[in-house]
Amino acid sequence: MSNVTQTHSGKKLHKLEKVAVRFAGDSGDGMQLVGGKFTETTAICGNDFATLPDFPAEIRAPTGSLPGVSGFQIHFSSHDIYTPGDAPDVLIAMNPAALKVNLKDLPENGIIVLNQDAFSDTNLKKAGYTSNPLEDGSLKRFRVYPVPVGRLNAEALSKLGLPKKDAERCKNFFALGLIYWMFDRPLDSTIGWIKDKFKKVPGIADANEAALKAGYFYGETTELIPEHYEIPQARVAPGLYRKISGNEAAALGFVAAAQLAGKQLFYGSYPITPASDILHELAIHKNLGVRTFQAEDEIAAIGATIGAAFGGALALTGTSGPGVALKSEAIGLAVMTELPLVIVNVQRGGPSTGLPTKTEQADLLQAMYGRNGECPMIIVAPATPGECFHMAIEAARLAVKYMGPVMFLSDGFLANSAEPWQVPRVEDLPRIDVHHPTVEGHFQPYLRNPETLARPWALPGTPGLEHRIGGLEKEDGSGNVSYDAENHQHMIHTRAAKVAGAAKDIPPAKVAGPDHGELLLVGWGGTYGALRAAAEEARAKGKSVAHLHLRHLNPFPANLGDVLTNYKRVLVAELNCGQLLSMIRAKYLIDAKGLNKVKGKPFQVVEVLRGIEEAMR
Amino acid sequence: MSVTTTTSTMAPPAAKPVSKADFVSGQDVRWCPGCGDYAILAQVQKTMADLQFPRENVVFISGIGCSSRFPYYMNTYGFHSIHGRAPTLATGLKIARPELSVWVVTGDGDGLSIGGNHLVHTIRRNVDLKILLFNNQIYGLTKGQYSPTSEQGKKTKSTPFGTIDYPISPLCVALGVEGTFVARTTDTDLKHMAMVLERAARHKGTAFVEIYQNCVIFNDGAFKGITEKSVRPEHALFLEHGRPMLFGKDGTRGIRLDGVHPEVVQTAGGKTDGLCVHDERAAEPTLAYMLSRMRNPDYPVPFGVFRAIERPTYDGMLLDQENQATAKLGAGDLQKLLKGPETWEVK
């Protein structure tokens, strides 16, 4: 945190380039909510930002307990940033448990704002403290600002006549108001939201607004907190921006893809963390021709999706790793019947139920090989929350052009993380060409397009094209059931060649950094920000490091083999035990090394930088 | 007999008249000689022609098993999917294309064992599908293991000492989840099958039909004691809406309610006073459920339409919601959607 001082309303205002703030409290304290509001205001202030919500799998773990701590980190800046920040500069801790869980991430001299009213003997005990950290000197290394949030909030709301419990619930807005003051942010966007959200219960709206203002004025009028900062606007490309998370962007991307293809969007899904938000978002848009189906289970969700694809919808199913495991037989059916659909896997920590709310990238080989038989499928992976939009369109394009299922590998980090996003103009988006045959005569459902090897997408309701498809091996051309040995081998090779052939149709691999050099850092999916920042830092230190982030994982870009040979070393960084690494080593026979982490958390920039330095030693 | 349900979901009649032969695909039928499936296939093809269904608007979807080869033999659109999952594909297709006539063909293993979950949820939702469940009380395609409808004690390859499973009743399941059309027929009575299939085709909502079907190889004669012509009058009860429940040669026996239990009584001189009168349109499925519990040897086995009520369909309500949303909010604007609730301009 570098400081330049200037005067503002008679108070010292320090200018900062970037800062990371973490809100932490009980999972019932509304930390995700205030984090989200802070993010919106930050967006309107014109900063670049990245966020990382971190919440427990339990909706409400016991109050005050360590497993019940919910956190939300936002990194915002006056220049481009790529990650939510390795460590917070400022920690807001609403109770002792939140302090205990998050303190280890805070650097020396970091700022702690805490709700001192919550530091009761009971709460200290619940958090496993044997002495009060506010009194025992254990926080000496930090700048600590205890604020009696509970008492001040109660006083601020005393005139409103609210039941004690309702008033107590507003304390997150008091804390938010204080942090708004600390970073010189306007209150109007949040007040507008409060008024709209609670318009049916004006008493609650008034209370939340009063709490927010009370927190702000507390910062402004007391001399207790000398920390008051300004983070100037970021210099970003001109245009219209909004905040977007990965799940939102994916949902919008598929709505757009359907319109670009002139299709109805069908979404069949079964609720599962962290993919459910896609279902919630799509269920809203009935007036945009989106039909959602909450199925009885994961298998029914993809079964219905295949049925909708057969009927001619742009068909989509979404889930997380455990759901993909259940869907795998049906994915095989889609490969066999060569019907276009997209399967969204918002990856989470595995195996089995694993870490439902945490991020991981350990389903790549499941996407590649997790089915019976030789069963290839196109796989794409967005790199940033905003990119989920464009990769959704790309996934849909590949599905309908190559007539087969496409796996869209998102992850828990991308799903919930938010960033500023330049709103695309619909007229700039690529059209998706779809062709349905109508010619009568001798119709052959497996007669292929010689260029793409795709079969025709003939729709029920078309006279003269009545035909039967299914999971049994088909004779090429006629589509009749065939047990012929030569035909089976031919069809296996044809399905593989069709997927491999898509390599001609995807963008070439493009590195950031030198096009020849010492080390190529390779990644995929939601680790983009940390990898890009680490490679830039390495270059700033004079190292010859380039970064390649793959969006297409099957097939790989056609030039990938050549790109890999332009560097002395290849380091593949991923949040698994080396899945892309093994694919690259197997395909290109190079001695690539892995940088791997499986802690349910994103990479920190510093970890990747350390990995680069170790690999170059 | 009157038809209670509307015909509005049926596809509009074919432009050119269609015959039974038009519904026969060119594929060689590969069921065992003497299999009950032949009779069902022929009757379904005839029903399609009788109702003048346009072939292009009809889709048959199946899972895995002997019965699931059915779509290959129908000259309509067809999908031979994976084990137990046909109702899911049919649901997705019906949501995407409500105007199509979608039929599911399944068996006792496919529909009630591996696919039991989908079957109950599909019937519960009242998706406008026609589900034909061929019940032969055995696994045929995998060569003779017991099925969930096999009678307890049955000795099969996988149960050399007899099954210890209690069997499941397809109709009890369908009525338990409040199916809006629930019927039973048999491959040995073509006239009855024709009536039931036509009623099913005309029903708006999920029509669930159990068809007793004989497997000549692994379970021959499973229903002989009920459905064979010579014993039928004494062991089968043919339900007709609004008519007293009479069976036996010359209608000499009937079903009466003793409290909440059915009992078989002799009817004196054709008198039907006090006998149960079949009401397929009853709002509550209680009596239909009671009928579905009746089995030999204590009771005759009922055939016919157990229940046929009108209730909004899943696909119909989905379209209603879509229309209401569009009427209220106007046709969606993608650009507006992309902008979202809050934007800021960078100059």
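Colleague: Where does A:Tyr446 lie in chain A?

Modeller: This is a predicted model, in which local features need pLDDT of at least 70, side-chain atom pairs count only at pLDDT 80 or more, and totals for chains, interfaces and linings use all residues. Residues are numbered from 1 along each chain as its sequence is written, chains are lettered from A and ligands numbered from 1 in the order in which they are written, and side-chain values use heavy atoms, leaving out hydrogens and water. Helices (H or I, at least four residues) and strands (E, at least two) are DSSP runs, numbered from the N terminus. On that basis, A:Tyr446 sits in the loop between strand E17 (418-422) and E18 of chain A.

Colleague: Is A:Tyr446 buried or exposed?

Modeller: Buried means under 20% relative accessible area, exposed over 50%, and partly exposed in between, with a 1.4 Å probe and protein chains only. The relative accessible area of A:Tyr446 is 0%, so A:Tyr446 is buried.

Colleague: How far apart in space are A:Tyr446 and A:Asn480, C-alpha to C-alpha?

Modeller: Contact means heavy atoms within 4.5 Å, and, not counting residues up to four places away in sequence, A:Tyr446 touches residues including A:Glu338, A:Arg455, A:Ile469, A:Gly479 and A:Met491. A:Asn480 is 34 residues from A:Tyr446 in sequence. In space, C-alpha to C-alpha, the two are separated by 9.0 Å.

Colleague: What is phi of A:Glu338 near?

Modeller: A:Glu338 is one of the residues that A:Tyr446 touches, and its place is the loop between helix H12 (321-337) and E14 of chain A. With 0% relative accessibility, A:Glu338 counts as buried. Its phi is positive in a residue other than glycine, near 50 degrees.

Colleague: And what is the relative accessibility of A:Asp184?

Modeller: A:Asp184 is a residue other than glycine with a positive phi, near 55 degrees. A:Asp184 belongs to the loop between helix H6 (171-182) and helix H7 (188-197) of chain A. A:Asp184 counts as partly exposed because its relative accessibility is 23%.

Colleague: Why is helix H2 (residues 96-103) of chain A largely enclosed by the rest of the structure?

Modeller: Among the buried residues of H2(A) are A:Pro96, A:Leu99 and A:Leu103, and the buried residues pack against elements of chain A including strand E3 (18-26), strand E5 (69-77) and helix H3 (121-126). At the start of H2(A), the backbone nitrogen of A:Ala97 has a side-chain oxygen of A:Asn95 within 3.3 Å. H2(A) is largely enclosed because its buried residues number 6 of the 8.

Colleague: Which residue stands opposite B:Arg184 in E6(B)?

Modeller: In strand E5 (residues 181-186) of chain B, 6 of 6 residues are buried, with B:Phe181, B:Ala183 and B:Thr185 on one side and B:Val182, B:Arg184 and B:Thr186 on the other. In a regular strand the side chains alternate between the two faces of the sheet. Two strands pair if DSSP finds at least two bridges between them, and E5(B) runs parallel to strand E6 (residues 207-212) of chain B, joined by 6 bridges. The residue opposite B:Arg184 is B:Glu210.

Colleague: Which residue stands opposite A:Arg468 in E2(B)?

Modeller: Here the pairing crosses between chains: strand E18 (residues 468-470) of chain A is joined to E2(B) by 3 bridges, and the two run parallel. Opposite A:Arg468 you will find B:Gly78.

Colleague: What is the area buried between chain B and chain A?

Modeller: The contact takes 74 residues from chain A and 60 residues from chain B. Three of them, B:Tyr77, B:Leu338 and B:Trp344, supply 16% of the area that chain B buries against chain A, more than any other three residues. Buried area is the accessible area (1.4 Å probe) that two parts lose on being put together, summed over both. Carbon and sulfur atoms give 62% of a total of about 5,300 Å².

Colleague: With which residue does the side chain of B:Arg125 meet in a salt bridge?

Modeller: A salt bridge is a side-chain nitrogen of Lys or Arg within 4 Å of a carboxyl oxygen of Asp or Glu, and the rule finds 3 across the interface of chain B and chain A. In one of them, 2.8 Å from N to O, the partner of B:Arg125 is A:Glu296.

Colleague: Which residue does a cis peptide bond join to B:Asn296?

Modeller: The bond has omega of about 0 degrees.

Conventions. Polar contact = N/O pair within 3.5 Å; in protein donor to acceptor, adjacent residues only side chain to side chain.
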